[in-house]
Amino acid sequence: MSETLYTIGEMCQEFSVTPRTLRFYEAKELLFPIREGQKRLFTKRDRARLKLILRGKRFGFSLEEIRQLLNLYDLGDQQITQMARTYELGQERLQAMIDQREELTAAINDLKEQLAWGEDFLASKGVKLAAE
């Protein structure tokens, strides 16, 4: 029984990525398409890996972290090592994102205060703002 293969165009369309992105991930040893001359054919495994790559990027993992996590799949321990390491990195990333959110919230509040001060100052000088 032959495996279903996907062209670079099908992968790009399904995952909203460019051919250049897929070639880049291949060069970084994240994807391993079958090569037929200049043509690249992707397997179901490549599709699953791409889904995980994009999710990892969304969460802020580096490509090297993603590559290392993907490579743990084949250890033969029913993915226990892979899942444990993914969980550990995920916890670290979550804390970093929470910290970033707190910093961003503080910066937003500071900017709102500065804008309110500026608005009051300009109003006291008779200047009308476009946002009003």
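**Aromatic pairs and helix packing**

With a relative accessibility of 39%, phenylalanine 24 counts as partly exposed. This value, like the others reported here, was computed from a predicted model. Tyrosine 25, in contrast, is buried, since its relative accessible area is 4%, a value under the 20% below which a residue is counted as buried.

A search of the whole structure finds 2 aromatic pairs. Besides the pair already described, the rings of tryptophan 117 and phenylalanine 121 lie with their centres 5.6 Å apart and their planes at 15°, so that this pair is stacked, given that planes under 30 degrees apart are assigned to that class. Both residues belong to helix H5 (residues 80-124), where, being 4 residues apart, tryptophan 117 and phenylalanine 121 are separated by about one helical turn. Tryptophan 117 is exposed, with a relative accessible area of 56%, whereas phenylalanine 121, at 40%, is partly exposed.

The packing of helices was examined next. Two packed helices are described by the angle between their axes and by the distance between those axes. For helix H1 (residues 8-15) and helix H2 (residues 19-27), the axes come within 9 Å and cross at roughly 105°, which makes H1 roughly perpendicular to H2, because angles of 65 to 115 degrees are placed in that class. On the side of H1, the residues involved are Ile8, Met11 and Cys12, and these meet Pro19, Leu22 and Arg23 in H2. Sorted by class, the contact of H1 with H2 contains 5 nonpolar residues, no polar residues and 1 charged residue.

A further packed pair is formed by helix H3 (residues 44-58) and helix H4 (residues 63-71), whose axes lie 10 Å apart at an angle of about 140°. H3 and H4 are therefore oblique to each other, and the crossing in which H3 passes H4 is right-handed. Arg49, Leu52, Ile53, Gly56 and Lys57 of H3 make this contact with Leu63, Ile66, Leu70 and Asn71 of H4. By class, the contact of H3 with H4 comprises 5 nonpolar, 2 polar and 2 charged residues.

Terms used
Residues are numbered from 1 along each chain as its sequence is written. This is a predicted model: local features need pLDDT of at least 70, side-chain atom pairs count only at pLDDT 80 or more; totals for chains, interfaces and linings use all residues. Side-chain values use heavy atoms; hydrogens and water are left out. Axes are lines fitted to C-alpha atoms, for helices over the stretch in contact, and angles run from 0 to 180 degrees between N-to-C directions. Helices (H or I, at least four residues) and strands (E, at least two) are DSSP runs, numbered from the N terminus. Angles under 35 degrees count as roughly parallel, over 145 as roughly antiparallel, 65 to 115 as roughly perpendicular and the rest as oblique. Contact means heavy atoms within 4.5 Å. Ala, Val, Leu, Ile, Met, Phe, Trp, Tyr, Cys and Pro count as nonpolar, Asp, Glu, Lys and Arg as charged, and the others, Gly among them, as polar. A crossing is left-handed if the near helix is turned anticlockwise from the far one by less than a right angle, and right-handed if clockwise. Rings of Phe, Tyr and Trp (its six-membered ring) pair if their centres lie within 6.5 Å; planes under 30 degrees apart count as stacked, over 60 as edge-to-face and the rest as tilted. Buried means under 20% relative accessible area, exposed over 50%, partly exposed in between (1.4 Å probe, protein chains only).
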